[in-house]
Amino acid sequence: MENFPVINLESLNGEGRKATMEKIKDACENWGFFELVSHGIPTEFLDTVERLTKEHYRQCLEQKFKELVASKGLEAVQTEVNDMDWESTFYLRHLPQSNISQVPDLKDEYRNVMKEFALKLEKLAEQLLDLLCENLGLEQGYLKKAFYGTNGPTFGTKVSNYPPCPNNDKIKGLRAHTDAGGLILLFQDDKVSGLQLLKDGEWVDVPPMRHSLVINLGDQLEVIKT
């Protein structure tokens, strides 16, 4: 299997732009995924997001997840579990209307950091959509308008933790699926590989890279007609 595509966004500035745009085009056409580095979001800020997310899980979600596992007897399952995932998660909605002030148990620092993170991701997503427009020969802003709808775009953050699983051959962290959205930006753990994609009939690991963002083209983007 060829190497997983990695795009350095800084390479768009200067002589490397044409080659970088070709790499983006190939990644979109043949993978539907690519890993983005030098994307403009400060590494120190990403470290803060990671630290606060892990703190929040330990303080507010870890015990609840253990109780859920115990109530369903998941630690001792003997057959494959197909109706749930080994995942602790919560969802923050940003657009068209934010729910972040209503989500319980978030410390003010974490709440504010996630608001700022959402703004940075929104800006980056719009930049990426315009790069896709350029590769497709579309006017700038075309894809953004396509996702805007009557009430504005739908944009949220799913925050997930995948604790160590004693029966990882019987239950998956997240079952095979496609993402229904338009453009997915994923900030994943840089030490533990877990994310995979199906390419040419084979499951391929998405390599963990520190401070990178994994970009996934969702179902809606795939079916947009020009």
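1. Let's start with the outward side of helix H1: Lys18 and Glu29 are exposed residues on the face turned away from the helix's buried side. Keep in mind as you look that this is a predicted model.

2. Which residues of H1 are buried? They are Thr20, Met21, Ile24, Ala27 and Cys28. These residues lie on the same side of H1, because they cover an arc of only 125° around the axis.

3. What do the buried residues of H1 pack against? Their partners are strands E1 (6-8), E2 (33-37) and E8 (213-217), together with helix H3 (108-136).

4. Just after H1, Gly32 has a positive phi of about 75°.

5. Now turn to Thr157, which sits in strand E4 (residues 155-161). Is Thr157 buried or exposed? Thr157 counts as buried because its relative accessibility is 12%, and the cut-off for buried is under 20%. The side chain of Thr157 makes a polar contact of 2.7 Å with that of His94. Beyond its neighbours within four places in sequence, Thr157 is in contact with Phe90, Tyr91, Leu92, His94 and Met114.

6. Finally, an unreviewed UniProt entry places a "coiled-coil region" at residues 107-134. In the model, that stretch is 96% helix and 0% strand, with its end C-alpha atoms 41 Å apart.

Notes:
Residues numbered from 1 in each chain as written. Predicted model: local features only at pLDDT ≥ 70, side-chain atom pairs only at ≥ 80, totals over all residues. Heavy atoms only, no water. UniProt positions renumbered as here; feature names shortened; annotations may be inferred. Helix = DSSP H or I, 4+ residues; strand = E, 2+ residues; numbered from the N terminus. Buried < 20%, exposed > 50% of the residue type's maximum accessible area, 1.4 Å probe, protein only. Polar contact = N/O pair within 3.5 Å; in protein donor to acceptor, adjacent residues only side chain to side chain. Contact = heavy atoms within 4.5 Å. Arc of directions from axis to C-beta.
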